[in-house]
Amino acid sequence: MIFTLFFIHNIFGQSETSEENYKYFHGNVPNVPYSGQIGGLALPSEGHIHALFIFAQFPDDGYDSTNQAWPIGGNPGNMNQWVDEIWSPNATPFSMTDYFNQMSLNKLKFTGKVISVITPHTRQWYLDNNKNRYHIHKDIIEQLDQTLDFAEFDRWSRVSFYNHINNPDGKVDFIFFIWRNIAREYPGDIRNDIMGRLDMGWYASIAQSYYPDPDYYTVDNGLRKVILNDYGSGCTVGDYFFKDAFRFAIHEFAHYLLGGNEYHNVHAFWAMLSGYEVRSYMINAWERYRLGWCNLIAVRYGLSSGVYLYQLTSGSFTSIKKLVLMK
């Protein structure tokens with residue numbers, strides 16, 4: 001067997017502190033019933049996905065001002081290493097393009113555009129005016145909409161779960177909101193209060209909408225929508241320096257490919273959706289099979305014949321009872 005490990009923590013130099021007094025705010029991605037479909041759930045697992053990466057910060061961010069990994073008022077030092085804008089089988093090493101090239105065996109061609117922004121209002125203004133993630137991300141999208149054509153990120157139509165057509169549908173496919181810091185400069189109890197009031201954290205949604213607000217933002221003069229809520233048009237990754245933002249971005253995106261929080265354990269061991277402090281950059285054989293990224297060699301229990309390791313070519317696997325081998 002050949003095991004490919006994807007080591008990128010040292011390149012994406014975020015810390016992984018886990019202070020007990022710092023609460024981890026995350027969403028509960030709902031379950032979608034699965035009945036044996038192969039392929040992506042809310043997004044296609046094959047073809048070309050082009051996403052928007054928004055690296056955001058508040059103008060009154062006061063955390064770790066001398067940290068050059070992402071200086072206050074500036075761009076993340078590794079911003080251009082996150083994803084390639086043009087797909088190639090020889091992607092930038094350790095980028096998200098490279099990650100999905102390796103994990104999907106070039107079946108999912110993943111590219112994107114990176115942008116760094118500062119919110120038009122301070123964090124304190126949003127708190128004082130009872131605004132949260134819904135309003136904060138809306139402000140950012142409206143700010144970008146003045147100069148950015150979102151048609152670039154509208155390439156797919158979701159007919160239904162597991163059924164996707166490679167044509168625009170007027171809905172943005174995927175946006176990553178990556179936050180420098182929400183409130184890390186404050187003691188844990190104050191930080192947790194601010195996170196809760198702003199509805200910030202690690203979520204497989206851009207924001208949650210509540211009546212009477214619509215469940216979308218409009219862009220491109222009303223021609224397109226950025227869909228909110230679970231399985232909408234993107235995700236939120238909070239506190240770049242608190243958790244490994246790159247790994248969490250992969251994890252939240254993987255919810256759109258595979259499903260809800262029920263996959264954090266058991267099936268997701270050493271996998272994209274591994275959760276609850278089980279950290280992994282890997283994808284396992286079960287996830288690859290679900291997404292159509294590998295070939296299953298079936299072995300019926302009780303037969304004297306077997307499958308030898310040399311018969312497992314790259315991208316194939318076999319399962320024997322609960323033992324799974326992948327090459």
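1. Asparagine 229 is found in the loop between strand S8 (224–227) and S9, where strands are DSSP runs of E with at least two residues, helices are runs of H or I with at least four residues, and both are numbered from the N terminus. Asparagine 229 is not a glycine, yet its phi is positive, at about 65 degrees. At 18% relative accessibility this asparagine counts as buried (buried means under 20% relative accessible area, exposed over 50%, and partly exposed in between, with a 1.4 Å probe and protein chains only).

2. Please keep in mind that this is a predicted model, in which local features need pLDDT of at least 70 and side-chain atom pairs count only at pLDDT 80 or more, while totals for chains, interfaces and linings use all residues. Residues are numbered from 1 along each chain as its sequence is written, and side-chain values use heavy atoms, with hydrogens and water left out.

3. The loop between S8 and S9 also holds tyrosine 231, a residue other than glycine whose phi is likewise positive, near 60 degrees. Tyrosine 231 is buried, with a relative accessible area of 7%.

4. Turning to the sheet, five strands form an open arrangement in the order S2-S1-S5-S9-S6, with mixed pairing; two strands pair if DSSP finds at least two bridges between them. Strand S2 (108–118) and strand S6 (202–203) stand at the edges and have a single partner strand each, so one side of each is left without a neighbour in the sheet.

5. Within this sheet, strand S5 (residues 175–179) pairs with strand S9 (residues 234–237) in the parallel sense, over four bridges. Isoleucine 175 stands opposite glycine 234 in S9.

6. Helix H5 (residues 245–258) lies across strand S1 (47–57), S2, S5, S6 and S9, and runs at about 150 degrees to S9. Axes here are lines fitted to C-alpha atoms, for helices over the stretch in contact, and angles run from 0 to 180 degrees between N-to-C directions, with contact meaning heavy atoms within 4.5 Å.

7. Tryptophan 202 has its place in strand S6 and is buried, with a relative accessible area of 1%. The side chain of tryptophan 202 reaches the backbone oxygen of glycine 238 at 3.0 Å. Tryptophan 202 and glutamate 252 are 50 residues apart in sequence, but 8.0 Å apart in space, C-alpha to C-alpha.

8. Proline 212 is found in the loop between S6 and strand S7 (216–219).

Technical notes: A polar contact is a pair of N or O atoms within 3.5 Å; within protein, one must be able to donate a hydrogen and the other to accept it, and residues adjacent in sequence count only if both atoms are side-chain atoms.
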